[in-house]
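Here's a quick briefing to read alongside the model. Have the structure open and follow the topics one by one.

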Amino acid sequence: MARAAKNPLNLLGYAMGAVVSGVWLLTATQALAQDAAIPAFKTLDSMEARVQGCTTCHGQSGQGTGNDYFPRIAGKPAGYLYNQLVAFRDGKRRYTPMNYLVAYLPDAYLREIAEHYAKQRPAFMLHETVPADSASLQRGQALAQTGDPKKGIPACVSCHGANLTGMEPGIPGLVGLRPNYVAAQLVRWRVGERVAADPDCMKRIATRLTDADVTALAAWLARQKPPADAAPEKSNLVRMPLACGSQR
Amino acid sequence: MRKLAIVALVLVGGLIAAALVWTVVRPGALTGTSKVVNATTQVIDRGEYLARAGDCIACHTAPGGTPFAGGRAMPTPFGNLYASNITPDDETGIGQWTADDFYRMMQKGISRDGSLLYPAMPFASYTKVTREDCDAIYAYLMSVPPVRQKNRPHELRFPFNKRELLIGWRTLYFKEGEYVPDPKQSAQWNRGAYLVEGLGHCSMCHTAINRLGGTSESQAFEGGMIPNQNWYAPSLTSNQEGGLGNWSVKDIADLLQVGVSHRATVYGPMAEVTYNSLQYLTDEDATAMAVYLKSLAPREAPPAVTSTERLTQPAVLERGRKIYVEQCVMCHGNEGKGYPPAYPPLAANPSITMATPVNPIRMVLNGGYPPGTRKNPRPHGMPPFLHILSDDDVAAVVTYIRVAWGNAGAPVTPAQVNDLRKLLPE
């Protein structure tokens, strides 16, 4: 609550009630997103110009747009972004608009696109938060920071970085993502719609999460203030609790 | 209704007649047993090149699957077909096939066991391929790693699941025979014609498909909707569509081989063709195809759009102009000239103005990237706007680009946009 109070928009929101807050914030983010979603670049022969195909969903610098689903991709580790682009191209990760866009792009170019977005450090966007009671937020915080050893669930921070900014080369940051997106990915992982390289550590974790856990995590993560340094952690600073194919 | 009845009558009649004929003329398996595999590296290399020109890999590879192992679903208006395994596996592929078997399949559309192939396999085009080239492709396919993967049975509705019916189809639409060079034309033109009409099997999409899944020779290359893909393959003969009469040979060759040109860019199914096939052509072959395509005489042009059809409400145009200035101008420029070849021009670009507005609407809704090719490995892309623009917005901006800067297209309606919005992009 102390964190929320520092944010004037949230403070206003709490005063006016959750529903009004949602509407107000959405309008604010849409106004911001409008700029991010309009094609813009300085020179034709630049990565900025080449990746215009990404901008209406992910923003000019990968910061995201007003849409409540599309994820921030700026600053995620290049290895992670590359794996996703290849999976979208080869149909191993399914989201039709993405599958269609990258269907005929070669590996080397996908690598270059991944590296381009991994280097970006745009400001984090204002996010809408989903309503959640304090018990749920507590559960979300516990899962993220300490995990649930009884159920064999490691803490998010043990792989996604102490500041949840991800870890090189293959683990994405979780800050700055929208609750809808986070929840959808966890559910997709649980039902086998989304997979990562074997051994698929996220599948092991997602299948141990209940619906309430997913909601709690998405709500708590969305409330976290982004860190000043959005860079992902270097790999191997910590021993990971589960083996992950995407880190090999 | 009457048309339907006639079609049904033809189908049933055809089925009975075909079944009778079939029992008499059914081709058996070839008797020759010699299977000589001692092709030289040069022949195998040439076979690989020709297999690419024929784009075998596109259909005979499942998404994310092993090349040539088959299994890709080919949705047709008659049900799903599944491409076969053409790796040299003895049990599930073509490992037991002889060069004669392979040539008969290419030439006549008859499989090794004597069954008739469905014309989704473009043997009506491949029949023009020479014996020497077929043998080279055969040698190449025999040289790839065999994959044990059983063919998936087709899922066709009655009566289309009756292969006997294909006798009727073949009578109507199939003319067997290798390409015969036209002595009045140059060697380059003939090479282009051989590739376009044979291995390239361009007419499979660029000629309208009729109710029976056939293409009419008199309408060759006049354009058509690609069944089940909801893209329009423009006419290659009319200057009002993709018609290439007033293009430079270089631009045509670039479009095919590079994927972008100063006139237009390939997206959708054609991007796949360039990605899998045409980018690997030599400059000589790409140019030969371009020379031939450019020469396709403009047929009787479709009637020009009348001024009544072009009538556009000023409010719609103004709405379209505003959206254009806000969202499109950065890449396509104030005058619609674009920055080719990175961003294609919209002014005087026939794919914007052609009678069927499917392609420009789809581009605005779904965006697109041209294929990354050897000569253009880092293409510029266009973003989707389906989550930003309403049906009215898309209709307005597509209408605007179809009539602005001297473009002679007709307006589009929000309903047309909505129909395409409901489809997932392919």
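Let's start with a bend: α14(B) has a kink of about 50 degrees, centred on B:Glu326. Keep in mind that this is a predicted model.

**The kinked helix**
- Helix α14 of chain B runs over residues 314-332, 19 residues in total, yet its end C-alpha atoms are only 22 Å apart.
- A straight helix would reach 27 Å at 1.5 Å a residue, so α14(B) falls short of that span.
- On α14(B), the buried residues are B:Val316, B:Gly320, B:Ile323, B:Tyr324, B:Gln327, B:Cys328, B:Cys331 and B:His332.
- Why might such a spacing turn up in a helix? An α-helix has 3.6 residues a turn, so residues three or four places apart point the same way.
- What do the buried residues of α14(B) pack against? Their partner is α17 (391-403) of chain B.

**Nonpolar cores**
- The largest nonpolar core has 122 residues, and the ones with the most contacts inside it are A:Leu81, A:Val102, A:Ala114, B:Leu141, B:Met289, B:Val394 and B:Val397.
- Setting aside neighbours within four places in sequence, B:Val397 is in contact with B:Gly320, B:Ile323, B:Tyr324 and B:Val364.
- There's also a second, separate core of 28 residues, which includes A:Leu143, A:Val214, A:Trp220 and A:Leu221.
- As background, nonpolar side chains tend to be buried together in soluble globular proteins.

**Domains**
- Chain A splits into domain 1 (37-119) and domain 2 (134-247), with their C-alpha centres 22 Å apart.
- Between these two domains of chain A, 13 residues of domain 1 are in contact with 20 residues of domain 2.
- The domain 1 side of that contact in chain A has six charged, four nonpolar and three polar residues.
- Chain B has domain 1 (30-173), domain 2 (187-295) and domain 3 (307-421).
- In chain B, the C-alpha centres of domain 1 and domain 3 lie 39 Å apart.

**Where the chains meet**
- Chain A brings 29 residues to the contact and chain B brings 30.
- On the chain A side, the elements giving two or more residues are α4 (47-50), α5 (55-58), α7 (96-101) and α8 (107-119).
- The largest share of that side, four residues, comes from α7(A).
- By class, the side of chain A that touches chain B has 18 nonpolar, seven polar and four charged residues.

Methods: Residues are numbered from 1 along each chain as its sequence is written. Chains are lettered from A and ligands numbered from 1 in the order in which they are written. This is a predicted model: local features need pLDDT of at least 70, side-chain atom pairs count only at pLDDT 80 or more; totals for chains, interfaces and linings use all residues. Domain bounds come from an automatic or database domain assignment. Two residues are in contact if their C-beta atoms, placed from the backbone, lie within 7 Å. Ala, Val, Leu, Ile, Met, Phe, Trp, Tyr, Cys and Pro count as nonpolar, Asp, Glu, Lys and Arg as charged, and the others, Gly among them, as polar. A nonpolar core is a set of buried Ala, Val, Leu, Ile, Met, Phe, Trp, Tyr and Cys residues joined through C-beta atoms within 7 Å. A residue is buried if 20 or more other C-beta atoms lie within 10 Å of its own, exposed if 12 or fewer, and partly exposed in between; C-beta atoms are placed from the backbone. The bend at a residue is the angle between axes fitted to the seven residues ending there and the seven starting there.
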